[in-house]
Amino acid sequence: MIPKDYNSERDKLIFPEYGRHIQEMVKQLLTIEDSEERTRQAYIVVDVMGNLNNTLRDTNDFKHKLWDHLFILSDFQLNVNFPYEIPSSEQLTLNPEKIEYPKLHIGYKQYGKNIRTVISKIREKENCAEKEIIASDIVKFMKFKSYEYNQEYPSNEVVINDFRKFSMGEIEINEDALSATKINIKKPKLQSSGAPKKDQALKPHRNLGGTTSNNSQNNNRKPKPMNNSGQPKRYFRHKEEVK
């Protein structure tokens with residue numbers, strides 16, 4: 001009886017792009033005692049690996065990577081005359097350093113994280129007139145972003161107080177100019193598919209071809225005669241006897 005070989009019972013594939021046969025060939029290399037024969041067979045295995053993994057051919061160190069893969073497949077135990085420097089397990093299994101996520105607390109999320117940086121740059125300006133013009137535009141921007149974030153119209157007093165906190169009270173704001181500004185947000189108009197549009201008028205049905213419609217035919221019909229009980233009379237046709 002042929003023994004069954006299941007994938008679940010096999011060794012894990014280190015490089016799936018080479019397949020299981022290459023991994024078995026590398027295991028066979030470890031059993032060869034002759035050093036020259038083992039080295040010759042290793043070169044043959046590397047050539048087969050290059051044919052299987054064509055994506056590495058475009059790289060400059062194509063052969064160097066193949067020999068590194070061969071050494072990894074042998075679990076760093078293959079003893080042959082390598083044409084390159086023999087890598088160590090520490091060099092090939094380096095774990096990258098963990099990148100810390102920026103822990104920046106944003107106190108006023110509705111305005112964004114860059115609004116304070118912009119206001120600090122305005123504080124460095126010496127021209128007061130230019131400073132007030134830029135500051136008024138920033139306050140209008142803050143008002144728009146607050147509406148975009150909260151989906152409700154913000155109070156001018158709240159926006160101005162927040163701006164004064166960011167500017168340390170060094171920049172004055174014209175409250176009258178801010179009160180005159182309006183936020184115009186265009187919302188999409190929803191229209192049902194079955195309802196007719198405003199520019200489409202309901203046209204009467206036209207009877208083409210000169211023929212009368214069913215309604216006109218029903219109106220021109222004569223009433224049926226009624227019997228004494230108020231029901232329409234029924235006429236029965238008697239068959240004549242065939243002599």
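1. Helices here are DSSP runs of H or I with at least four residues, and strands are runs of E with at least two, numbered from the N terminus. Arginine 40 and glutamate 37 both sit in helix 2 (residues 35-52), three residues apart, which means about one helical turn separates them.

2. The model is predicted: local features need pLDDT of at least 70, side-chain atom pairs count only at pLDDT 80 or more, and totals for chains, interfaces and linings use all residues. Residues are numbered from 1 along each chain as its sequence is written, and side-chain values use heavy atoms, with hydrogens and water left out.

3. On confidence, pLDDT is the predictor's own score for each residue, from 0 to 100. The chain averages 76, and 72% of the residues score at least 70. Among the elements of the chain, helix 2 has the highest mean pLDDT (90), while helix 9 (residues 214-220) has the lowest (55). Where pLDDT is low, the predicted coordinates should not be read in detail.

4. Six salt bridges are found in a search of the whole structure; the criterion is a side-chain nitrogen of Lys or Arg within 4 Å of a carboxyl oxygen of Asp or Glu. One of them joins arginine 40 to glutamate 37, with the closest N and O atoms 2.7 Å apart. Accessibility classes are by relative accessible area: buried under 20%, exposed over 50%, partly exposed in between (1.4 Å probe, protein chains only). Arginine 40 is partly exposed at 44%, and glutamate 37 is partly exposed at 28%.

5. Another salt bridge pairs the side chains of arginine 123 and glutamate 170 (3.2 Å, N to O). Arginine 123 lies in helix 5 (residues 115-123) and glutamate 170 in the loop between helix 7 (156-166) and helix 8 (175-180), so this pair ties together parts 47 residues apart in sequence. Both ends are partly exposed, arginine 123 at 28% and glutamate 170 at 47%.

6. Lysine 125 also forms a salt bridge, with glutamate 130, where the closest N and O atoms are 3.9 Å apart. Lysine 125 is partly exposed at 34% relative accessibility, as is glutamate 130 at 36%.

7. Histidine 69 belongs to helix 3 (residues 62-73) and is buried, at 14% relative accessible area. Its side chain makes a polar contact with the side chain of tyrosine 18 at 2.7 Å. A polar contact is a pair of N or O atoms within 3.5 Å; within protein, one must be able to donate a hydrogen and the other to accept it, and residues adjacent in sequence count only if both atoms are side-chain atoms. Not counting residues up to four places away in sequence, histidine 69 touches Phe15, Tyr18, Met49 and Leu56, where contact means heavy atoms within 4.5 Å.

8. The largest nonpolar core has 20 residues, and Met49 and Leu70 touch the most other members. Helix 1, helix 2 and helix 3 each supply at least two residues of this core, and helix 3 gives the largest share, six residues. Such a core is a set of buried Ala, Val, Leu, Ile, Met, Phe, Trp, Tyr and Cys residues joined through side-chain atoms within 4.5 Å. Methionine 49 touches Tyr18, Ile22, Leu66, His69, Leu70 and Leu73, leaving aside residues up to four places away in sequence. Apart from this core lies another, of 14 residues, among them Val139, Met142, Ile160 and Phe163.

9. In helix 1 (residues 19-31), the buried residues include Ile22, Val26 and Leu29, as well as Arg20 and Gln23. Helix 2 and helix 3 are among what covers them.
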